Amino acid sequence: MGVNQLLNQSGQKAVRNWHSLTASNTIIELESDAKGLTSTEATTRLQRDGKNILPEGKSASLLSIIISQFLNPLIYILLVAAAASIVLGEYKDALFIVLIISFNASLGSFQEFKAEKTAKALQKLLKIQAHVIRDGQEQVLSAEDLVVGDVILLESGAKVPADARLIQSINLALDESMLTGESQAVEKKFDSLLQDLTPIQEMTNMVFAGANVLSGRATAIITGTGMATEMGKIAQTVSQTQRATTPLMKRIEDFSKRIAFIIVGVSLLLAVIGILKNYPAQEVFYMAIALAVAAIPEGLPIALTVTLSIGSRRMAKRNVIVRRLMAVEGLGSCTCIASDKTGTLTLNNQTVRLMALMDGSVFEATGEGYNGKGNVFYRDCGIDELHKNPLSATHENEPAQSLQPHQMEALKPAIVASVLCNDGQLYQGGAEDQWTHNGDPIDVALLGFGHKSRLLTPQEQEAYQLLGKIPYESERQFAAQFYQDGTSVRVAIKGAAEKIIKTCTQMQTLDGIVPLDSQKGEEMTNQLAEAGYRVLAIASGELAEAPVGEEPSEADLPPLTLLALVGMIDPLRPEVPKAIEECRQAGVKVVMVTGDHPATALAIARQLGIAHTQNEVITGAEIQRYEQENSQELAVKIEQWSVFARVTPLQKLQIVKALQDYGHFVAVTGDGANDTPALQAANIGVAMGSGSDIAKDAASIVITDDNFASIKAGVEEGRFAYDNVRKVIFLLTSTGFSLIFLLGASLLAGLHIPFHAVHLLWLNVVTNGIQDVALAFEAGDPQVLKRPPRNPKQGIFDRIMIEQNLTAGVVIGVITFAAWIWLLHYSNYSEKEARNLLLLLMVLMQNIHAFNVRSETKSVFKVPLSNNWILVVGTLSAQGIHILALHLPILQDILDTAPVSLIEWGTLLAVSSSLLIAMELFKWFKRRQLAVSAA
């Protein structure tokens, strides 16, 4: 049509400022028509631009999952040890190592593949059907077949299938919270002309993919599909955002590097010593392999996977679904939770909390959500005292008759007006708890308050004859309904308080109708707004006669009486304040990130205990100024703010990065597409189960019940998991260190090497291998949320870990070394018999040590066995398997073992018990040390 076609990367027109064009110019620019495209043209554009879908994230293949299990420094060292064993002809050792690696890879692959399947199930998209005009006729097509230039029809209850410019609209209101984060309905007008730099939240002549139509009708022309939509931009940002590493992974990587360095250094040192002491070269090589096997905690990858898997199952029981295994511990390590407000901290259900008469009398309702469950009660206090003396929960079960007759008489006119001036529907189904609603959330919420008041029966409502209405318009700021009330004609009005107050001459009080005090009305409106309420006004008036025609005008309105101010709120989730307080006690900062107005956000933050003063609030505009003037300053000052209001999706991403730059490990919660860039960039992304698929795909964790309290439970379980990982590492490294001590001391003393590589593998797999997995089932410390989070820069080997490893390792090493000397030189045992007894002693000591590591400070006798019966059974099984190895010929041949007498076994058990005494003394000393520090 002679129009210069500038195409973007997706093939669609690069013009973005459709909101600044008139509807007619938009149609011309898109080379379309008000009657829609032809089928031929639509097919051409579909081939050019592609389907109206967002690409699904590429899921990992089973092969890539299996390969990823081998990408670990510990595995690399084990593979080198296996290769060296083959070169030296130690095929049994090599086989053991390969079996260990294979078992770990199988277990890890199973867990990761199961997580991928869960993620795949979460990504299933609902097929949206759209009403579109093609070839001049209305058709119903799949949303994925829509193209730029298609003319679509929207009505209440529909989902917007693509970004579009409005051509016509009547009373159109949309829920765009999944995109903008704002909970309030957005009113749209097709004839608005906006500036080029108008933010998305204020584009009143545009509709965006994923939004829900709450009320009204509209015709619109599609301006963008697929990746060219606002949803697509967010998806593109997500794909380009690098996922942060979890604390545990960083610590394990650091731990693995240190272990590798130590192994190489100590092995070379002892090899040199062995050669200098004239040990045979082959025996030195055997010793080096044995030392490597002893030093490497071969069971760590298995135990880590099992521990996190158990943690993920425990989280699932508490409504926390883990999509990425490492996120189990990551949530427990977070120092800051950046939470979305709508649907996460609140219920995302508009609720009329109160109606206030103009003398300050307050009628408050119980119950939440779009239903009529609850009661209305008179409050014997003013609005300014309302939050200092909250409604008692005991009122929930009180009868509605607690309203006095004169109170009912004063409130009823406002109830009648709010129910009649209403396009919503709310009715009870067959069961008591079944409520059905349709229409604008505000209208439905007003109907809910009417049900709770029980002041207007269905029979009374049917007696009113509706005569005509003035629909709501954003310029008008109110809606009106004319109706016949017996012999009189009346009008009911609802709208913006500042607009309604100016049109009234009288006002309703508890004592009757009195002349209007407009100043009083404005003061009450401001008090409610500052308390976080969305405020509407209800008014009515009497006409001399019915208005002429089907569409009355504002000129038909009589003098009005201001009946009540309505306080609406998106209620807090009842469990959230306590959960936030528990997070605070755990040293986890909670911040609110929302698209709502800063006054509303601060009011809610105060109720939640997140923030208390205006100085703790920052807006998106202020963030933008920081970015323009000095981007580093935001990270420096980020800690002083707890509420981030009126922010865009990309600003949420900036907030997360600033928190990370400050030093926080950040968990971000959210449910909408607007949250996905931040979810992707966070150390741990937490999506709500009812949220968008794109948010779930970006997250590491999904909360199935949308409850912030479940996030707190996830933090608790994450800390349990990390504690159990530390227990496993303590067991493996301390026993490994003891073996290094034993081997090194024997070498320096000129003794025979006490254990060969096959013995060390047997110890690590059969004793530690069983017990470290059993430790993963350890119940958590009930006081875990009383502790502050670990310093994100702190490695696994902190001071107490080093001290307890040295203590346990040296004690085990000294005892076994002394026993080795005695068995070789002061007894009648041969070298083979001595090694057999020494191996049994080491098994017994590791069995006992498994109970030592259950707590870093508590006595072994203070930790109930009932906290982990699996460890009890596992330890007995490990001992039983080793006793079996002493008698089975095949294992006797592999391990060079032989049966022992009951007296020998009892003697070795008594010797190994000395470890228990040593560790109890260590813990007693640490408890005293901590008590002195606390004092």
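1. Helices (H or I, at least four residues) and strands (E, at least two) are DSSP runs, numbered from the N terminus. The model is predicted: local features need pLDDT of at least 70, side-chain atom pairs count only at pLDDT 80 or more, and totals for chains, interfaces and linings use all residues. Residues are numbered from 1 along each chain as its sequence is written, and side-chain values use heavy atoms, with hydrogens and water left out.

2. Arginine 454 lies in the loop between α13 (441-453) and α14 (458-463). Its phi is positive, about 60 degrees, although the residue is not a glycine. Arginine 454 is partly exposed, at 47% relative accessibility (buried means under 20% relative accessible area, exposed over 50%, partly exposed in between; 1.4 Å probe, protein chains only).

3. Glutamate 31 also has a positive phi, near 55 degrees. This residue belongs to the loop between α1 (23-29) and α2 (39-49). Glutamate 31 is buried, with a relative accessible area of 14%. For context, most residues other than glycine have a negative phi.

4. Glutamine 407 sits in helix α12 (residues 405-420) and is buried, its relative accessible area being 7%. A polar atom of its side chain lies 2.8 Å from the backbone nitrogen of glutamine 404.

5. The whole structure contains 3 aromatic pairs (rings of Phe, Tyr and Trp, the last by its six-membered ring, with centres within 6.5 Å; planes under 30 degrees apart count as stacked, over 60 as edge-to-face and the rest as tilted). One of them joins tyrosine 464 and tyrosine 483 edge-to-face, at 5.4 Å centre to centre and 85 degrees between the planes. Tyrosine 464 is in the loop between α14 and β15 (465-470), and tyrosine 483, 19 residues apart from it, is in strand β16 (residues 478-485). Both tyrosine 464 and tyrosine 483 are buried.

Notes:
A polar contact is a pair of N or O atoms within 3.5 Å; within protein, one must be able to donate a hydrogen and the other to accept it, and residues adjacent in sequence count only if both atoms are side-chain atoms.
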